[in-house]
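Student: I would like to learn how to read the features of a protein model. Where do we begin?

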Amino acid sequence: MPVYSISHVENVRVCVVMVGLPARGKSLISQKIVRYLSWLSIKSKCFNVGNYRREVAKDAAIDAEFFDPNNEKGLAYRKQAIDLAIKDMMNWFVEENGVVGILDATNSTRERRDRILKLCRENYIEPMFLESWCDDKELILQNIMDVKTTSPDYVSKPNDFAMTDFLKRIEYYESVYETMDASTDSDLTFVKLVNVNAQIILNRIETYLESRIVYYVMNLHIKPRSIWLSRHGESEFNLTGQIGGDADLSERGWRYAKKLPELVLKSLGEEHKHTNLTVWTSTLKRTQETASFLPYKKLQWKALDELDAGECDGMTYEEIEKTFPEDFKARDDNKYEYRYRGGESYRDIVIRLEPIIMELERQENILIITHQAVLRCLYAYFMNVPQEESPWMSIPLHTLIKLEPRAYSTLVSRLKADIPAVSTYKEKGTSQLGEARSGETIFKSRDLLNSGDVV
């Protein structure tokens, strides 16, 4: 069952219709909403009209003039793209029991929005308009820099051309743009974010699901920032293969703690070495000891504590397999849903991490030092990893992971400390620790995090 199953009780389906000029963070917001709702087991999908336009107009020259409202050929392509996106979204609602579909486009005129509104209501789908309105020139330029470096439209174009062309594209959209207004659009459900979250205007938010989306976007910012993730250094329990507990770091774990400030500085880069960072740890000793040499403000979160293994706390997997053989198999069969006796499941971790996610979305640059299961859930949120895969991801010790959320993807980089550590990864169907190997090659597709620079 989904964490927030009320959407199914209400039988509500929602189409979030994005509204806004280019370089206002619409695609980033869209992707974030999908990741958040999917993470909470609410079936969600984004339909980016730009991707459809690139497909239908792949033989056309795509520059600013393509978006001139008087360019009939460009208009025909763009209409074809929005029609295809809407058709796919409607089919997805019906054929795949979709709950929240996001139509990611400028949707800049009332005529376009009225057409989408009519179609949604004819199909018993609740339309919710989400406008990102911005006149903060610095923020717009930052977003243009992001778009021109990550948008498929500018992949092979020189930087100077991309900047000039994109500004011209925005001018064409501005010439026909109609913002949402509380008087003119008083009968619509909409959220208007003014300069990200300097002001938020809400109108006719009526369902629980809509309120969840509103609460989430109210906590967002779209400025460039980075999030660093690291497990604690190797612990004494890691050496013995015991799970849970509140063990101290091993000798090698302490070496990683002393190395971590250097890894962080290297990841920041020379030009950002004075960036303000806040370090979040769990309340357990091994994360606090790992953070002890970092010269940054530190906060402890109980919600970042490792998965509670209940009656199995302090046991090895071999002991669990021998003592609770049925439980051991049940966990392998459905690791995301399995709850330890008197303990937690991965789904339970997701529920307790939601306040962390909300606070994380409000912050600039955060380094989180926590535990394997918790990091799997956090990484799954940022990278939109399916729930059934997330508990099986390999996240090795003594590795610093940097995430940089962007409009079209999240950039990932890793720095490995040149400090050995045991593997705490358990393959499905065995109680032994360590990744399965063929020679020197790890042949497990779930191993998403095992590469990176060695420092």
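Tutor: We begin with a term: helices (H or I, at least four residues) and strands (E, at least two) are DSSP runs, numbered from the N terminus. One case is helix α13 (residues 325-333), where K329 and D333 are four residues apart and so separated by about one helical turn. As for the source, this is a predicted model, in which local features need pLDDT of at least 70, side-chain atom pairs count only at pLDDT 80 or more, and totals for chains, interfaces and linings use all residues. Residues are numbered from 1 along each chain as its sequence is written, and side-chain values use heavy atoms, with hydrogens and water left out.

Student: What do the side chains of K329 and D333 form?

Tutor: Side chains of opposite charge can pair when their charged atoms come close. The term salt bridge is used for a side-chain nitrogen of Lys or Arg within 4 Å of a carboxyl oxygen of Asp or Glu. K329 and D333 meet in such a salt bridge, at 2.8 Å from N to O.

Student: Is K329 buried or exposed?

Tutor: The classes rest on relative accessible area: buried is under 20%, exposed is over 50%, and partly exposed is in between (1.4 Å probe, protein chains only). K329 counts as exposed because its relative accessibility is 51%. D333, at 47%, counts as partly exposed. On networks, salt bridges that share partners join R53, R54, D153 and R169 into one.

Student: How many salt bridges does the structure hold?

Tutor: The structure holds 26 salt bridges. One of them pairs R110 with E178, the closest N and O atoms being 4.0 Å apart. R110 lies in helix α5 (residues 110-122) and E178 in the loop between α7 and β5, so this pair ties together parts that are 68 residues apart in sequence. R110 is partly exposed, with a relative accessible area of 21%, and E178 is partly exposed at 30%.

Student: Which residue forms a salt bridge with E171?

Tutor: K168 does, with closest N and O atoms 3.8 Å apart. Both residues lie in helix α7, three residues apart, which is about one turn of the helix. E171 has a relative accessible area of 46% and is partly exposed; K168, at 32%, is partly exposed.

Student: Where is S175 placed?

Tutor: S175 is in the loop between α7 (159-174) and β5 (190-194). S175 is exposed, with a relative accessible area of 52%. Sequence distance and spatial distance are read separately: S175 and P69 are 106 residues apart along the chain, and their C-alpha atoms are separated by 8.3 Å. The side chain of S175 also reaches the backbone oxygen of Y172 at 2.6 Å. For reading such pairs, a polar contact is a pair of N or O atoms within 3.5 Å; within protein, one must be able to donate a hydrogen and the other to accept it, and residues adjacent in sequence count only if both atoms are side-chain atoms.

Student: Is M315 buried or exposed?

Tutor: M315 is buried, with a relative accessible area of 14%. M315 is found in the loop between β9 (297-300) and α12 (317-323). Contact means heavy atoms within 4.5 Å. Leaving aside neighbours within four places in sequence, M315 is in contact with G241, Q242, I243, I320, T323 and F324. M315 and R121 are 194 residues apart in sequence and 55 Å apart in space, C-alpha to C-alpha.

Student: Into which domains is the protein divided?

Tutor: Domain bounds come from an automatic or database domain assignment. Here they give domain 1 (13-219) and domain 2 (227-416). Their C-alpha centres lie 34 Å apart, and 21 residues of domain 1 are in contact with 21 residues of domain 2.

Student: What area do domain 1 and domain 2 bury between them?

Tutor: Buried area is the accessible area (1.4 Å probe) that two parts lose on being put together, summed over both. Domain 1 and domain 2 bury about 2000 Å², 56% of it on carbon and sulfur atoms. R35, W39 and N219 supply 41% of the area that domain 1 buries against domain 2, more than any other three residues.

Student: How many salt bridges and polar pairs does the rule find across this interface?

Tutor: The rule finds two salt bridges and twelve residue pairs in polar contact (both at pLDDT 80 or more). On the side of domain 1 that touches domain 2, the elements giving two or more residues are α2 (26-39), α6 (137-150) and α8 (208-217). Of these, α2 gives the most, with nine residues.
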